[in-house]
Amino acid sequence: GKINASYNCVDRHLVSNRNKAAIVFVPELEQEPHEVVTYQELYVRVNETAALLRDFAGLNTGDRVTIHMPMSTDLPVVMLACARLGVIHSVVFGGFSGKACGERIADSGSSILITTDGYYRNGKMLDHKVKADEAVKVASDAGQIVEKVLVWRRYPGKYVSEMPMVEGRDFFVDELLMEYSGKRVPPTMMPSEAPLSLMYTSGRPENQKDASIALAVISHM
């Protein structure tokens with residue numbers, strides 16, 4: 001059978017639930033407005049992001065992408081956009097180091113890193129872009145070149161990281177998305193057993209320095 005996780009999570013709900021909440025997000029800082037995303041709004045955002053990944057990042061079915069982001073509404077949007085294209089995504093926990101992210105980029109063969117400039121943790125703004133730069137270097141040292149780093153900004157139009165953007169490699173997603181307003185991308189129908197995402201273990205035991213991190217492959221089904 002053919003299937004697509006993005007279609008199942010978004011499109012099929014539009015007929016009867018398009019105005020119902022698909023995501024309710026409480027940000028940190030908690031005094032900031034809560035974000036409610038309806039299924040219709042999620043459909044629009046996923047399609048526009050999928051168009052960006054396809055047309056700007058040059059991603060095709062079967063390609064690999066590494067996502068190193070904290071909790072935000074942008075994270076599931078990116079995951080669903082990848083699924084819509086049949087692009088295999090590897091989500092690295094935002095708290096992991098740049099080195100850990102780079103190792104997973106190299107192992108998965110990702111040419112695109114999707115990240116953020118910064119985020120709050122326990123009321124403190126953390127610089128996350130610094131991890132992206134480290135991850136790209138670690139992956140490069142292992143033989144995997146990251147062609148583009150797509151950076152979501154915690155506050156669109158305002159850059160909160162102290163790390164400079166690398167010309168020709170780093171791009172702000174909120175700026176790029178303006179060019180894809182209203183774009184629609186039909187979901188790529190995939191075999192039910194086709195890979196949807198890659199999931200790595202958190203690390204290796206200290207007494208097994210040469211042991212590899214374990215990998216699980218999640219399918220569309």
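Predicted model: local features only at pLDDT ≥ 70, side-chain atom pairs only at ≥ 80, totals over all residues.
Let's start with the whole chain. It contains 7 helices and 13 strands. Seen through its C-alpha atoms, the chain fills a box of roughly 55 × 45 × 35 Å along the principal axes. How does its radius of gyration compare with that of a compact globule? For 221 residues, such a globule would come out near 17 Å, and the chain has 17 Å, so the two agree. Buried residues make up 48% of the chain. The contacts tell a story too: take those with a separation of 6 or more, and 71% of them link residues 24 or more positions apart.

Now let's go inside. The largest nonpolar core has 35 residues, and those with the most contacts inside it are Leu 42, Leu 52, Leu 53, Val 65, Ile 114 and Leu 150. Which elements give two or more residues to this core? They are the strands β2 (21-25), β4 (64-69), β6 (112-116) and β9 (148-152), together with the helices α3 (39-55), α4 (74-85) and α7 (173-176). The largest share, 8 residues, comes from α3.

Pick out Ile 114 if you want to see how these pieces meet. Leaving aside neighbours within four places in sequence, Ile 114 is in contact with Leu 53, Val 78, Leu 150 and Trp 152, and also with a run of residues made up of Val 65, Thr 66, Ile 67, His 68 and Met 69. There is also a second, separate core of 14 residues, which includes Val 92, Ala 100, Val 146 and Phe 172.

Next come the empty spaces. Rolling a probe the size of a water molecule over the atoms shows where empty space is left. In this model the count comes to 1 cavity of 30 Å³ or more, and the largest cavity has a volume of about 30 Å³. By type, the lining has 7 nonpolar residues, 1 polar and no charged.

The largest pocket holds about 700 Å³ of space. It is lined by 30 residues, and Phe 25, Met 71, Ser 72, Thr 73 and Arg 154 lie nearest its centre. At least two lining residues each come from α4, β5 (88-93) and β7, with β7 supplying the largest share, 4 residues.

Let's finish on strand β7 (residues 118-121), where you'll find Tyr 119. Is Tyr 119 buried or exposed? Its relative accessibility is 10%, and buried means under 20%, so Tyr 119 counts as buried. Not counting residues up to four places away in sequence, Tyr 119 touches Pro 70, Gly 94, Gly 95, Lys 124, Met 125, Leu 126, His 128 and Lys 131. Tyr 119 and Met 69 are 50 residues apart along the chain, and their C-alpha atoms are separated by 9.0 Å.

Methods: Residues numbered from 1 in each chain as written. Heavy atoms only, no water. Buried < 20%, exposed > 50% of the residue type's maximum accessible area, 1.4 Å probe, protein only. Contact = heavy atoms within 4.5 Å. Core = buried A, V, L, I, M, F, W, Y, C linked by side-chain atoms within 4.5 Å. 1 Å grid on protein atoms, 1.4 Å probe; cavity = no way out; pocket = protein on both sides within 12 Å on 5 of 7 lines; lining within 4 Å. Points joined across faces, edges and corners; volume = space filled by probe spheres on them. Rg over C-alpha atoms; globule rule 2.2 N^0.38 Å. Nonpolar A, V, L, I, M, F, W, Y, C, P; charged D, E, K, R; others polar.
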